[in-house]
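User: I would like to learn how to read features of a protein model, one at a time. Could we work through an example together, with the general idea stated before each case?

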Amino acid sequence: MVIRLFIAFILCPYLFATESTFNQIQESLTLEAPNGTSQNLDKNAFIRQVNVDNNLGKWYAEVQLVDDENNEIDGQVYRVSRKYLNVAIGVMFFNSLKLYDENGNDAGSLPGGFNIVRIGEGSHPFEHYLLAITDDDGGAIWLDGTPYDPRSGEPYPTYKVRKESFHAELLNNKINELVFLTHDDNSGATCDVSATGVPAVDPELGRTRPKPRPTNLNVPSPYDVVMGRRSSLKGKRGCESDRREIERGLLSSEWSGLSLHQKADKIYSLAKDVRSEIIQKSNESGQNVRKSSRFQNSVNPHYFPDNGIKPELVTCIVFQETEGHLNYTSHNFTYCANTKSPRSSAHGLTQFTRTTFRMMKNHPDGDQAPFNTTYSAPLNGKSAHEAHKLMSRYPGAQIEMAYRLLNHEYKRAYVSSPNKTRTQLLRAAVLAYDKDNQSEYIRNVMEKCLPCMNKSGNNGSDCYEEVYE
Amino acid sequence: MNKIKYPLIMFSLLCSFNIMAKIVRLEWTGEIAKKSTSVVAYYFENYDRLEVKSEGELKVELRYPYLSEGFKHFEIYTSPDKSKQWLVSFWRKGVHGEHIVVIDLKDNKVIYDETSSWPMKLLRDEKGVTLINYAGKKELETRLNY
């Protein structure tokens, strides 16, 4: 008995240890060898992480080169930044995935649309893969969407997923891509996934795969739908025009029949309405009050200086960001590059990336984007990741985010230089929004569009072309 | 009475200078040219900051607004012969851009500092890196050799 216990005690760490699993890299990757040389890997090469348990809390991961059957190639152990590695091997799943904590207890479901990275595998308490959920930059996030802070002292966030369900969802992922390929409309039709020609037997499991859930095309956000079509379009001729067509097809009936002139007027009208409601809600909360501390004013999202950000400026920003198409479902030019995922998640009228969105919500001195208006209310209670995608359905929410950021930057500029004129503060806010002093951006927005919009009687349609000339 | 008063005064002083809001994002320590070197990125009052210290002495300091140009991460690149070590720091720029600053840790000098209206491309090889930034959609390429 004693001997059995002793053996169990000795073996225990090995039973619970995370084993290496191999991953195919989706984009080229540079690794660093112990002798300081670097090794460049092309897309589709295979690597596996080693010393997983020891390295989880570190900024780097250790990897080995392997072939497609997980056999070592050169026996060397390379180092690579964990974030960089996560970007290179992450996979985005369309459907939700059931996750478990380290003890095998139910941790909740990960909604579709997140990047996940397979770190390792194990068999306790069931056959599983160890996963990390990551953002666009490869940073780890918790299941509730909160970014992992390495300084928090908390362990690196990992979750277990049953191998069987991981493979099934991996297959569903491929099916979803095919579904988006074969359906051009978003009429709400339920797709018959069995008609996609995907074999019913999972080649990895070697047996019949679970029946995939029907995909209702009304459910995903416009962002998800456009992204779902990407794999069939990227890197191909005509991708840009196809993307535009998909984006146009996703506009609500209120927008889809509008001319560019009408859209420009609608954007200006919406910008005025959104500002009115932001101010109204801020006043109602009793927090739209100037205090003696400039810093506290700058981080109080409810404080909107009277002379600060006006609808005319936000309208000009939208005209500049949407490149003459004025569609709230628009993506960006990195969509068509032949890379695993677009390098930028920017979308909509104001082209906010997921990272910028998350930074606003998780500002160290308080949430800078309280969703307290009717425009942003649908985003309330969602993780930053989900809210960013969902925002693609709500043009008012997109405009509200631009107000929030510009207002913050306007006040921050005032903190650092209280003697600046209003025009200088506005200029600083616009510069903070996009690119530098030398670019066309500031000229188009501040020197061409804004003076036009400020002219009495002018509407959006009188000025939107100013930024394209 | 003083026993109670002093801690209270110290606490209110700390709060008024907002010292408690300093949040470290990423740290690295190592040896460069036989000198102990540290790199720390942290948030303090609306700004993300990065400091490079050699033997405890501040050599390089970067500071950008948190919301529009906040810190993403940094990496240390070492040349194959180990004669050069670069600190490559990644920052956001505006709502959808990126900013990369490269510091030669041996000389403590900024050798590359460019912003881009879209995420930049960084291609690393044994001789150095190629960095591509965007002005609008126009690509601008820079080559840095060790």
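User: Where is B:K82 found in chain B, and what is its phi value?

Analyst: Most residues other than glycine have a negative phi, and most peptide bonds are trans. In this model, which is predicted, B:K82 is found in the loop between β5 (71–78) and β6 (85–93) of chain B, and its phi is near 65 degrees, a positive value in a residue other than glycine. B:K82 counts as exposed because 11 C-beta neighbours lie inside 10 Å, and the cut-off for that class is 12 or fewer.

User: What is the phi of B:E55, and is B:E55 buried or exposed?

Analyst: The phi of B:E55 is near 50 degrees, again a positive value in a residue other than glycine. B:E55 has its place in the loop between β3 (47–54) and β4 (57–65) of chain B, and with 9 C-beta neighbours inside 10 Å it counts as exposed.

User: Which residues does a cis peptide bond join, and where does A:P125 lie?

Analyst: The cis bond joins A:H124 and A:P125, with omega at about -5 degrees. A:P125 lies in the loop between β11 (115–122) and β12 of chain A.

User: How many residues does the largest nonpolar core have, and which have the most contacts inside it?

Analyst: In soluble globular proteins, nonpolar side chains tend to be buried together. Here the largest nonpolar core has 60 residues, and those with the most contacts inside it are A:V314, A:C316, A:I399, A:L406 and A:A429. Elements that each supply at least two residues of this core include α9 (260–284), α11 (311–321) and α14 (395–416) of chain A, together with α2 (66–69) of chain B. The largest share, 10 residues, comes from α14(A). Another core, of 33 residues, lies apart from this one, and A:L131 is among its members, as are A:L85, A:L97 and A:L130.

User: How do α9(A) and α14(A) cross, and which residues make their contact?

Analyst: Two packed helices are described by the angle between their axes and the distance between the axes. For this pair, the axes come within 9 Å and cross at roughly 65 degrees, and the crossing is right-handed. From α9(A) the contact is made by A:L270, A:A271, A:V274, A:R275 and A:I278, and from α14(A) by A:P395, A:G396, A:I399, A:E400 and A:Y403. By class, the contact has seven nonpolar, one polar and two charged residues. Not counting residues up to four places away in sequence, A:I399 touches A:L270, A:A271 and A:V274, and also A:V314, A:V318, A:L349 and A:T350.

User: How many residues does the contact between the chains take from each chain?

Analyst: The contact takes 42 residues from chain A and 34 residues from chain B. On the side of chain A that touches chain B, β4 (38–41), α10 (294–298), α12, α14 and α15 each supply at least two residues. The residues of that side divide into 12 nonpolar, 19 polar and 11 charged.

User: In what order do three strands of chain B form an open sheet, and why is one side of β9 and of β11 left without a neighbour?

Analyst: Strands of a sheet pair through backbone hydrogen bonds, either parallel or antiparallel. The order here is β9-β10-β11 of chain B, with antiparallel pairing. β9 (121–125) and β11 (138–145) of chain B stand at the edges, each with a single partner strand, so one side of each has no neighbour in the sheet. The twist averages 15 degrees from one strand to the next. Strand β10 (residues 128–135) of chain B and β11(B) pair over eight bridges, and B:N133 has B:L140, in β11(B), as its bridge partner.

Definitions and conventions. Residues are numbered from 1 along each chain as its sequence is written. Chains are lettered from A and ligands numbered from 1 in the order in which they are written. This is a predicted model: local features need pLDDT of at least 70, side-chain atom pairs count only at pLDDT 80 or more; totals for chains, interfaces and linings use all residues. A nonpolar core is a set of buried Ala, Val, Leu, Ile, Met, Phe, Trp, Tyr and Cys residues joined through C-beta atoms within 7 Å. A residue is buried if 20 or more other C-beta atoms lie within 10 Å of its own, exposed if 12 or fewer, and partly exposed in between; C-beta atoms are placed from the backbone. Helices (H or I, at least four residues) and strands (E, at least two) are DSSP runs, numbered from the N terminus. Two residues are in contact if their C-beta atoms, placed from the backbone, lie within 7 Å. Ala, Val, Leu, Ile, Met, Phe, Trp, Tyr, Cys and Pro count as nonpolar, Asp, Glu, Lys and Arg as charged, and the others, Gly among them, as polar. Axes are lines fitted to C-alpha atoms, for helices over the stretch in contact, and angles run from 0 to 180 degrees between N-to-C directions. A crossing is left-handed if the near helix is turned anticlockwise from the far one by less than a right angle, and right-handed if clockwise. Two strands pair if DSSP finds at least two bridges between them.
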